[in-house]
Amino acid sequence: MELWYSEVHTKNVKMSIRVDRQLYSGQSAFQRIDVFESPEFGRFLILDGYMMLTEKDEFIYHEMITHVPMAVHPDPKHVLIVGAGDGGVVRELTRYASVERIDMVEIDEQVVAVCREFLPQTACAFDDARLTIHYQDGLKYIRDYQDMYDVIIVDSTDPFGPGEGLFTREFYGNCFKALKEDGIMVNQHESPFYDDDATAMRRAHKRIVESFDISRVYQAHIPTYPSGHWLFGFASKKYHPVRDLRAAAWNALGLATRYYNTNLHKGAFYLPNYVEDQLANVEQDL
C-alpha cells in the first residue's frame, strides 16, 4: 500500500509526495503540527495542512532569507527573528561570528519542541548562547522596541491563522521603528504565480512600501512551495540590496552555502516581467 501526502495549491492543483511513515501528529494551542518521512524529500513539516519545509530543499529558503540581508548590512550585531520555529534561520545566523545577540519570537512553543525532536537538521542551533527565544506573539513583541535591531528576519507562516498579524501595516510599521537608523528587514513574500498567493504577495508589498523608503523584492526556486516560484521582501532605511552588497567582505567569511552566493544575490533581484508588472501596479496605487 502506498501512502501519499497531498497539499492543495489551488482548487484545481495539488502537489503529492509519497510518504514512508508519519513521525508526529499533534494539536498545539495554535495549529496542527505534522511531521512525515518521505523517500524523495526526507522528513517534512506541515502546519495546519501547509508545507513549511522539507529536509531536501529547506536550505534554499533559509539561505536566501538569511544571507541576503547579512551580506548587505556592514555590521549586523543584533538580529531579531520573527517566527522560524523550525530553527533554520537560527542555524544560518549562528554561523556569523560578528552576531552578538539573536532574539527569536515564536508564538508556538510546541513547534520548536517538535522540530528539536524530529528535524535536527534545521533545529541544530537552538542552544547557541547568543540566542534568546521569546514565546509570544510577534505582533505584540515588536511594539515595545525602538532603534534596537540591525536586522529583522520575518520567517512567518502564510497570512492567515497564527501568522496573519505578521502581514499587517501595523506590524511592518513597528518593524521600521524597532530597526536602527540603517536597519534591514526581510520577509517571506509569498508566491506571485497562483491568484490567491499573488493577491497576498501584492498586499504585503503595498504595506511594506508604505513603511520603508527602500523596498525591493527578490526570488528563489523552492520545489515544494506552491508553483516553486517564491518571493522574499527586502526593506531598509538606508541600504540598497544590490548597490550596497558587500560581496568581497561576505565571500571573505568563507561560509559554505549550497544555494546562496553573491552573484546569485544580485541576479535574484531581477524579476520576470509578470512579477514586475504586479509590483508596479501596487506601487502606482500608493
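1. Ground rules. Since the model is predicted, local features need pLDDT of at least 70 and side-chain atom pairs count only at pLDDT 80 or more, while totals for chains, interfaces and linings use all residues. Residues are numbered from 1 along each chain as its sequence is written, and side-chain values use heavy atoms, leaving out hydrogens and water.

2. Cysteines. Taking a disulfide as a pair of cysteine sulfur atoms within 2.5 Å, the count is zero. The closest cysteine sulfur to that of cysteine 115 belongs to cysteine 124, and at 12 Å it is too far for a bond. Cysteine 124 is likewise in no disulfide.

3. Their surroundings. Cysteine 115 is buried, at 0% relative accessible area, whereas cysteine 124 is partly exposed at 49% (buried is under 20%, exposed over 50%, partly exposed in between; 1.4 Å probe, protein chains only).

4. Seven strands make an open, mixed sheet in the order 9-8-7-10-11-13-12. Strands here are DSSP E runs of at least two residues and helices H or I runs of at least four, numbered from the N terminus; two strands pair if DSSP finds at least two bridges between them. Strand 9 (131-134) and strand 12 (214-221) are the edges, each pairing on one side only.

5. Inside the sheet. Strand 7 (78-83) and strand 10 (149-155) run parallel, joined by five bridges. Leucine 80 sits opposite isoleucine 152 of strand 10.

6. Helix 6. Residues 195-211 form this helix, which lies across strands 11 (179-188), 12 and 13 (229-236), at about 150° to strand 12. Angles run from 0 to 180 degrees between N-to-C directions, with axes fitted to C-alpha atoms, for helices over the stretch in contact (heavy atoms within 4.5 Å).
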